[in-house]
Amino acid sequence: MASRKKIVRKRPKKGDRGAATNYITRAKACRKLQISLATFRRLCILKGIYPREPKSLKKIGKGSTAPRTFYYKKDIQFLLHEPVLEKLREMKAHKDKIKKAMHKGETSVVKNLTLHMPFYRLEHIIKERYPTFIEALKDLDDALSMVFLFATMPASNGLLSSDKIEKSHRLASEFQHYVIASHSLRKVFVSIKGIYYQASIHGQDITWVVPHVFTPDRPRDVDFKVMATFLELYQTLLRSVNIRLYKEMNMVYPPKIDKKRQAEAGGLSAFIIESTADIVDAVAAQSEDATAAADAAQKKVTAKRMKSLASKIAQIATAEAAAASVADEDDDTAAAASNVDDDIPRPVVEPQDVSESVLSLAQIGRGGDVALDDDVRAGVTSSFVSDGLGGQLFKGLYFFLSREVPRESTEFVIRACGGVVGYEETTGCGSPFGVLDPRITYHIVDRKKAPPPPAGAPANWSRRAFLQPQWVFDSVNAGRLLKTKGYLVGEELPPHLSPFENYSFTGIKYNEEEDGEEAENDDDEEDDDDDDDDDDDDDDEANIPVDSSDDEAVFKAELQAEAAGISLGEYQTQQRQKEETANTKKRKPDSSSSTAAAANGANQKKRKLTAEEEKKEEMELARMMLSRKDRRLYDKIMRARGRRQYGVDKLSARRAYYDEQKAKKQLEADEVQRRREQKQKDRVERQKLAKEKAAASKAAAAAKKAGKAAAAAAGEGEGEGKENGKVAANGAAGEKVKAGKGAAGGGAAKGAKGDAKATGKGKGKGNK
């Protein structure tokens, strides 16, 4: 007997079966798709494919636990048939051609290739990822935040092209105009990160954040290539949503842009919002004019033909036949006019509203009744607008914004709530009115003092409410016009609370002055609390006899009896006996009063402890008597109360810390002010003393100078007398000297003459 050949199966390799076959690494996925890592990331972002973390990394990694990125293999297989992938490959090949032509120096080829660069569209991806319009609205939060972020970025930073930034700004403004037209804004919160908005569209709460209007710095830790891919997807999503929303509101999309206003910082006023109904009416009016002109021309041609055929008709037909034919034609015309709308079924009951009416063929031929279209349009529009006062909060009110107020956010909020906004020409063009308009009811100012009335101010300037911008945001969050007290210019503002948190259990309100209904509710709650306190007092008094008619007392008595292990009747008799013994003890006081007082105090403490313990036992017994489902519900309610109480305590502690810091800062400011005032006083006193000292020294110097002058004058008088005496004496002596000198001079002269004579005589004798 031949031996059977043993079939040996191949042993499966690790990773060929099980969960390992459902995953693929990122490197293998790039090799399978034949694309680079950057293109793979871009494609995954557009298609919404994200990395997956397997349960067992060791099984998936064939025994290796090294950190790697895994994807579902089905997702990668799905990417193989994506049209965007083919377009990305074409774009890569086209860029290589451009590079090759640039290296060759063929500028004309480069220009031609750049103009014919292939591109791809993402509308089919939006339809795949969001099959319904509601799904697209649910995922609109991130799209709006991203688009508004890039709309505020400068185009000169080199991160993105100016076209993408301009497109982001246009899409953001289009969505803002829809919110303004539908009055769907519900909440606003100004924080450090930016301004948070929430709008209600088709029953979906859409929340997005808009950064403050500052020049942002370029963060170095952000990959803007990835952000640009997300921006590309979100721009397509927002554009699709805007098209649908504008169509529902019967508005023309895309809206026209006034280039002049946009260049002059017109903001939202640069967009021209038109209604499709107005365009339809204009086209209908043009068609009616054209039809009337054609009818007039046809009548002229017919009249000419009739004149030419008048003679022939007179020969063929007689006057009676002509009259009869005319009568028949009139009857046919009347019958035709009466049966124009016979093809439209008539209602059994007459329509009660204009919107219930049905357009006739004659009205359709004329383009429809204008009044009927307006009413129907209003009904369609109102069906898409959310109910509530938030949309029409500022209806009929006129606001004016000073130049220091952030215009973009404040204008958007006021217009979205039905108000009319004006602003100064220095902040931009397109303001519907100026600062001198007498219709202005609220003047929004962000200064310490209200502006003075300018020249030509209206008579009601003093009746304007000069408010700070926070009043607008708090009024929107509260859903009503708040009191202006606390928001006036120069006053300290109340805390700007987030409307996305629930503060109903804390008693914190946007305004300290409560409405009448809220006050009544508070009174009712206080009454309920008083009743609860009374019930607690009744529980603490254990010696009160039980009345079987009171259900709550009976229930509590049953619980206490069950805790004691006796029946209800026995428990009631024990309570009566305790009362009787207590009454007898009161009648017969003990001789030792001090010891009795001490014993009574100790007994009262024990009674308090026992009352609290009994109350806890009662609660625990009542909880144990509940069913499992009710017990869980009771525990859940108690935990919720604990969380609320924790929130209240946390906010109270924060408020106390805030008040403490505020008081501390106020004390420091007062101390600084006191020191400044003291320094000022000391400075004034020093200056005063210095002035007095200078004046005294000046007076002393003047007195000293006057004394010296007087002394000098007296000395000069004495000196002059002495000098005069000396001069007189000197004069007499001088005269004597002169006289002696004269006599001596005369004798000398005589002697000289004698000598001269003698010498002359001697010379003469010698000559002889």
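Visitor: Is His443 buried or exposed?
Guide: This is a predicted model, and His443 sits in strand β10. The relative accessible area of His443 is 2%. Buried means under 20%, so His443 counts as buried.

Visitor: Which residues does His443 touch, leaving out those up to four places away in sequence?
Guide: Contact here means heavy atoms within 4.5 Å. Among the partners are Phe400, Ser402 and Val435.

Visitor: How many Å apart in space are His443 and Ser402, C-alpha to C-alpha?
Guide: In sequence the two are 41 residues apart. In space, C-alpha to C-alpha, the figure is 7.6 Å.

Visitor: How many bridges join β8 to strand β10?
Guide: Strand β10 covers residues 442–444 and includes His443. It runs parallel to β8. Leu401 has Ile444 as its bridge partner in β10. The number of bridges joining β8 to β10 is 3.

Visitor: In β9, which residue is the bridge partner of Tyr398?
Guide: β8 (residues 398–401) also pairs with β9 (residues 420–423). That pairing is parallel, over 4 bridges. In β9, the partner of Tyr398 is Val420.

Visitor: What hand does the β-α-β unit of β8, helix α17 and β9 have?
Guide: The helix in this unit is α17, residues 407–416. Strands β8 and β9 pair in the parallel sense. The β-α-β unit they make with α17 is right-handed.

Visitor: Is Ser475 buried or exposed?
Guide: Ser475 lies in helix α18, residues 470–478. Its contacts, not counting residues up to four places away in sequence, are Leu393, Phe394, Arg480, Leu481 and Leu482. The relative accessible area of Ser475 is 0%, so Ser475 is buried.

Visitor: How many Å apart are the end C-alpha atoms of helix α10?
Guide: Helix α10 has 21 residues, 162–182. At 1.5 Å a residue, the helix should span 30 Å. The end C-alpha atoms agree with that, at 30 Å.

Visitor: Which residue just after α10 takes a positive phi?
Guide: Helix α10 covers residues 162–182. Just after it, phi is about 55°. The residue is His183.

Visitor: What share of the residues in the protein is buried?
Guide: The protein has 23 helices and 11 strands. Its accessible surface is about 53,200 Å², with 54% belonging to carbon and sulfur atoms. Of the 768 residues, the buried share is 25%.

Key:
Residues numbered from 1 in each chain as written. Predicted model: local features only at pLDDT ≥ 70, side-chain atom pairs only at ≥ 80, totals over all residues. Heavy atoms only, no water. Pairing = 2+ DSSP bridges. Helix = DSSP H or I, 4+ residues; strand = E, 2+ residues; numbered from the N terminus. Right-handed = clockwise from strand over helix to strand, strands pointing away. Buried < 20%, exposed > 50% of the residue type's maximum accessible area, 1.4 Å probe, protein only. Areas by Shrake-Rupley, 256 points an atom, 1.4 Å probe, with all protein chains shown as cover. Expected span 1.5 Å × (residues − 1).
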